[in-house]
Structures are given as structure tokens and as C-alpha cells.
Amino acid sequence: MSSLQDSHSTDVRSHLHPYTNVIKHRGTGPRVIDRGAGIYVYDDQGKQYIEGMAGLWSVAVGFGEQRLVEAATRQMSQLPYYHTFTHKSHLPVIELAQRLVDYTEGRMATAFFTNSGSEANDTVVKFVWYYNNALGRPLKKKIIARQRAYHGVTVASASLTGLAGNHRDFDLPLPQIKHTSCPHHYRHANPGESEEDFATRLANELEALIQQEGPDTVAAFIGEPLMGAGGVIAPPRTYWQKIQAVCRKHDILVIADEVITGFGRLGKRFGSDVYGIEPDIMVFSKQITSSYQPLAAVLLSPKVNEVIAENSGKVGTLGHGYTASGHPVATAVALENLKIIDERGLIENAADCGALLHEELRALADHPLIGEVRGTGLIAGVELVADKATKRPFDPLGKAGAYAYEQAHEHGLIIRGIQDTVAFCPPLIITPAEVREMVTRFKRTLDDVTRYVG
Ligand code: PLP
């Protein structure tokens, strides 16, 4: 490519971007990120940004981690590719499967590998169907997800996702997928309703939905322990206990999508540990390799695993898997990445720096544009509102969030605007000084937003 301008115009001409307004992109062109180091990335003009979203909620160990480069290089030299079909295996995938199972302390028995979180959740849907067919319950197939959930974009996982933009004009969701209310207390609680009462109401609503559909037709409930891409929404107190009680009563599997919350994001190893979730199936991705390689995993409890194993024996094979399931380079990188997370105490750092991040953001809570500061550990959402007293959103919805997203770049900060919620999810290696610097850059952004909407 002969010049920056050439590469930008080639991008516009030849590259169809995900999650991008393609028509707008023809006018703006791309922001080309060229390199990264620690919590920072640099664009092709040398401008530095704090990556306040760790890429896509995923680069736990930061950018430029040489140990991961070396792990990938070593594995590339030894065995760059092999598959795991038809009884084949290799050492990195064996070791990683064991490591993941060990992390769950006996709650999970086996790990199945895919390339992405979306494929992992598609795998979950298929396994849930396979499981119930194996048990002779051909009608028990519906899966309940939540409005504003994010579980990916393939046909089944986009159906689980509870965001209109992932359904509209894609002929989704599939009819077997149902959605129940989003557990966002600030937005959906009745006036004066406590978190506990709100959680009870949501559990009752789930019970009513199951009764309406017929308990014998509902197979599973899926949720992110804390919702990420839907707007950084932490569950109200007692929510997961009450939801799980409803599921257990009707023999409905509980699936924890830990694609964002896994490996320390919330200050404990898993989001399930934070909220007392006892899942039958867990889904991991993103921080499993710090996204240096594409990889995801579906973990099955002993109960689910045994039924699936038995059925594969009966059918003759488990007819599911990807060319790159448990790819040796991706699994080798995951092993080194998880080692770094443990050796450097990054889960504890997420708890400590997360507490600081929330303290710094809560110090802004009196700002007239800030309706709510939420999240836990190293994930936070700051919801901007047009009227603080009435919680009235901006019109159009997303006006302030989109402006904040754009304008933050001017101040050397990458955040996410989810409607009018500004999301933060920095690398787990962030230091207290860097947390303060990130919030300083956000304050400058907020000043710009105030002028813009004012
Ligand atoms: N599940 C959750 C909770 C996610 O946040 C995401 C992606 O953001 C996915 C699944 C989908 O993962 P992928 O983008 O790797 O398909």
C-alpha cells in the first residue's frame, strides 16, 4: 500500500465491515489501528489511545505481550495445525481442556472447543436439543434468553441475542427462542421497587412465560452473569437465585454465557462465582486467549456430558465440530494467557482496579448528564440521560452515546457507546494511575458531550 490515503480508500472499496454503517463508512473511512502496547493502541498516524474496551471486551493481558507471541511461535513450529475429529488430539488441547475443567472445581466435566463465542452458543443450542432428544423429550426444545442479551450473531446465537438490530431484516429470532425481561433495575423497576422485589417479579414473569409455553417444551435458560454488550447491566440482588429456582423446578438447564465475564473480568475467576450461579453449561471465549487467537469453549456438567456421550455412542458419533475445534496454536496461546492471568494476579487486580474505577466514576454521578453508573470489577457503564430527575433518554436514543464514542478518540480514549451508555472494559493489567488517566480522558469527553447536547 503506497500511502495512508490509499489504504483508507481501499478499505472503503473492498472491506465490508461488521457492525458498521456501510454508507457512513464511505464518507468517514476507517480508523486504522497499527500497533499496541499494554493498555494502549496507536493508529496509523501515531496517535495513542487508551483501549478502554480491551478491544472487544477481551484483551486481558494487554497488547504486545511477548509471552503469547512466543507461545504461538513455538506451537507454530512444533505443530501448526491438527484437528480433533475422530479420536485425534494434541497436547495443548488436552492440557487446556483439563485446565478449564479444573478451574470449575468439579462443576464441569468436559470442554468442547469452537472458534468464536457465536459458534459456542450455536453449539450450546444444538447440544441442548441433542440432550433432550437423547432423554426422549422431543418437545423440550425452547430456550429462554433475555431482552438486551448478547450471545453472538450466527443463526441460533443471534436468536438468543435480545437486540433488535441483530434480528431486523435477518428473519430472526428462530421460533424456538423466547425472550424474557431485561433485569435492569434503573430502567425497568417500578417506582420504589427494591432490587429484591424487582428480582422476584422477574422470576414470577419467567414462571408465567414457562407456564404459557408449557414446561415440557422449555429446555434451557441462558444468561450472561452480568450483561455486557446490551449495556453493562448487573443483575439486581437475589436475581440469579430466584431465576435458578424456577429453572430447577421445571428441569430447565441453566447456561452461563461467560464470554465476557470469564477469567477475572468481575474480580473473581467467573461471573458465576460472583452471583452464585450453578450452571449446567458454561461458555468461554475472549479473555481465554486475550483474543490473540480466536477460541471459545463450551463446558458441560457431568450430568449433561454423560447424556451427550451416551447418545453419541448410540448414534455412532457426535456429529458436530469445526475444522479448527481446539486449534493447537489457539489452545497453546490460551494456556500461556491463563498462566499469565494467574501469575500476575490479574483477577485480584481486576477487583482492586475495578473498585477504583467505580469510585472514580461514581464521583461523577452528580453530573447533570449522568443517570446511572453501574457494573462491577473492571467493567462499567455510565448511562447518559437527557433529564436526570425523570431518567428521560435522549431523542433520538443513542445521540449522546454515539457522540461520546466519536469524541473520545480526540481525547485519546476508546470506549463503547451502547445507546446512551458509555461502556468501559479495560485490559486486566491496567494500573491505578492508568485508571485515573482513563477517567480524566472520559471527563474531557463528557465536557464535549455536555456542549453538544446542551
Ligand atoms: N457471548 C457474549 C456474552 C458476548 O459478549 C459475545 C461477543 O461480544 C459473544 C457471545 C459472541 O462472541 P463472538 O463475537 O466471538 O462470536
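Mentor: Start with Lys391. This is a predicted model, and in it Lys391 has 13 other C-beta atoms within 10 Å.

Trainee: What makes Lys391 partly exposed?

Mentor: Set the count against the cut-offs. Buried needs 20 or more, and exposed needs 12 or fewer. Lys391 has 13, so it is partly exposed.

Trainee: What is the phi of Lys391, and where does the residue lie?

Mentor: Its phi is positive, about 65°, although Lys391 is not a glycine. Lys391 lies in the loop between β12 and α15. Most residues other than glycine have a negative phi.

Trainee: Why is Thr86 called exposed?

Mentor: Thr86 has 7 other C-beta atoms within 10 Å. The cut-off for exposed is 12 or fewer. Thr86 is therefore exposed. Thr86 also has a positive phi, about 45°, and is not a glycine. Its place is the loop between α4 (66-78) and α5 (91-103).

Trainee: Which peptide bond is cis at Pro396, and where does Pro396 sit?

Mentor: The bond from Asp395 to Pro396, with omega near 0°. Pro396 is in the loop between β12 (380-384) and α15 (399-410). A cis bond also joins Leu172 and Pro173, with omega about 5°. Pro173 lies in the loop between α7 (155-160) and β6 (177-180). Most peptide bonds are trans.

Trainee: Why do β4 and β10 count as paired?

Mentor: Pairing takes at least two bridges. Strands β4 and β10 (residues 296-300) have five, so they pair, in the antiparallel sense. Phe113 stands opposite Ala297 in β10.

Trainee: What makes β4 mostly covered?

Mentor: Four of the five residues in β4 (residues 110-114) are buried.

Technical notes. Residues numbered from 1 in each chain as written. Predicted model: local features only at pLDDT ≥ 70, side-chain atom pairs only at ≥ 80, totals over all residues. Helix = DSSP H or I, 4+ residues; strand = E, 2+ residues; numbered from the N terminus.
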